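This briefing concerns the structure shown below.

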Amino acid sequence: YIFDDGHYLMWDKSDPEKNYVAGIDIAEGVGAASSVIQILDITTLTDIKQVAIYHSNIINPYLFTDKVLEILQHWGSPPALIERNNCGAQVIDSLYMEHEYPNIVNYNILKQPKKFNQNRIGVIAHTNSKYKGVMNMRYWINQLNAVKIRDINTINELKDFVRYPNGTWAAKNKGIDYFDDRVMSLLWALMILEHPITERYFEI
């Protein structure tokens, strides 16, 4: 199913009996990096499916907030891990404060479970969090072969997602016809399957 002039692709219909997670990467909307929403069906952990993806490099963060809310609500308001860097904080704070979205995942709380800080909701992308995310993603995709990716552009980004000598992971020649926004949103979606997060949102 194709919506929003090709920006939003859907392979399955939303099913209230299934469990979904969302990973979200946010850009400025100036025609370079893109804002991306990945929706995964995690009902069967040996058969995780990419069921939808939204991708746009021209939508500004203000309008993207409304788009995020619309898409997440369509999928039953699943747990969503959103990258907080740069424009991400604006989107997260709007979802949390104005729209009272109930399932914004706070990855930072794992380190300090008794010190919840609404200004840190989401995940800060830095060398450590990205490394953990990559290892987790490789576990589900490479080792378990449990993730069915339907979007060819996500696959192409994965092919060009490399580790740099300083230990960081990103698209090779990032920004020069190579981007990793689809990969990062997929990475954050799968990060919700880390045990401490999963136990907060699902019955194990």
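Helix α3 (residues 127-143) and helix α5 pack with their axes 9 Å apart and at an angle of about 80 degrees; axes are lines fitted to C-alpha atoms, for helices over the stretch in contact, and angles run from 0 to 180 degrees between N-to-C directions. The two helices α3 and α5 are therefore roughly perpendicular, a label for angles of 65 to 115 degrees. The model is predicted: local features need pLDDT of at least 70 and side-chain atom pairs count only at pLDDT 80 or more, while totals for chains, interfaces and linings use all residues. Residues are numbered from 1 along each chain as its sequence is written, and side-chain values use heavy atoms, with hydrogens and water left out.

**Contact of α3 with α5**

- From α3, the contact involves S129, K130, K132, G133, V134, N136, M137, W140 and I141; from α5, it involves V183, M184, L186, L187, W188, L190 and M191. Contact means heavy atoms within 4.5 Å.
- By class, the residues of this contact are 11 nonpolar, three polar and two charged. Ala, Val, Leu, Ile, Met, Phe, Trp, Tyr, Cys and Pro count as nonpolar, Asp, Glu, Lys and Arg as charged, and the others, Gly among them, as polar.

- Helices (H or I, at least four residues) and strands (E, at least two) are DSSP runs, numbered from the N terminus.
- R182 is found in this helix, α5, and counts as buried because its relative accessibility is 12%.
- The side chain of R182 makes a polar contact of 3.3 Å with that of H55. A polar contact is a pair of N or O atoms within 3.5 Å; within protein, one must be able to donate a hydrogen and the other to accept it, and residues adjacent in sequence count only if both atoms are side-chain atoms.
- Not counting residues up to four places away in sequence, R182 touches V36, Q38, I53, H55, D151, N153, T154 and E157.

**Helix α1**

- The 14 residues of α1 (residues 61-74) should span 20 Å at 1.5 Å a residue, and the end C-alpha atoms are 20 Å apart, which agrees. The expected span is 1.5 Å times one less than the number of residues.
- Buried in α1 are P61, F64, T65, K67, V68, L69, I71 and L72. These buried residues pack against β2 (8-10), β3 (20-25), β4 (35-41), β5 (48-56), β6 (80-82) and α2 (88-98).
- At the start of α1, a side-chain oxygen of N60 comes within 3.0 Å of the backbone nitrogen of Y62. Just after α1, G76 has a positive phi of about 85 degrees.

- D41 lies in strand β4 and, at 3% relative accessibility, counts as buried.
- A polar contact of 2.6 Å links the side chains of D41 and T43. Leaving aside neighbours within four places in sequence, D41 is in contact with K18, N19, Y20, D47, I48, K49 and V51.
- D41 and D15 are 26 residues apart along the chain, and their C-alpha atoms are separated by 9.7 Å.
- D4 lies in the loop between β1 (2-3) and β2, and its relative accessible area of 32% makes D4 partly exposed, the class between buried and exposed (over 50%).
- Leaving aside neighbours within four places in sequence, D4 is in contact with Y54 and K67. The C-alpha atoms of D4 and S56, 52 residues apart along the chain, are separated by 9.8 Å.

Methods
Buried means under 20% relative accessible area, exposed over 50%, partly exposed in between (1.4 Å probe, protein chains only). Angles under 35 degrees count as roughly parallel, over 145 as roughly antiparallel, 65 to 115 as roughly perpendicular and the rest as oblique.
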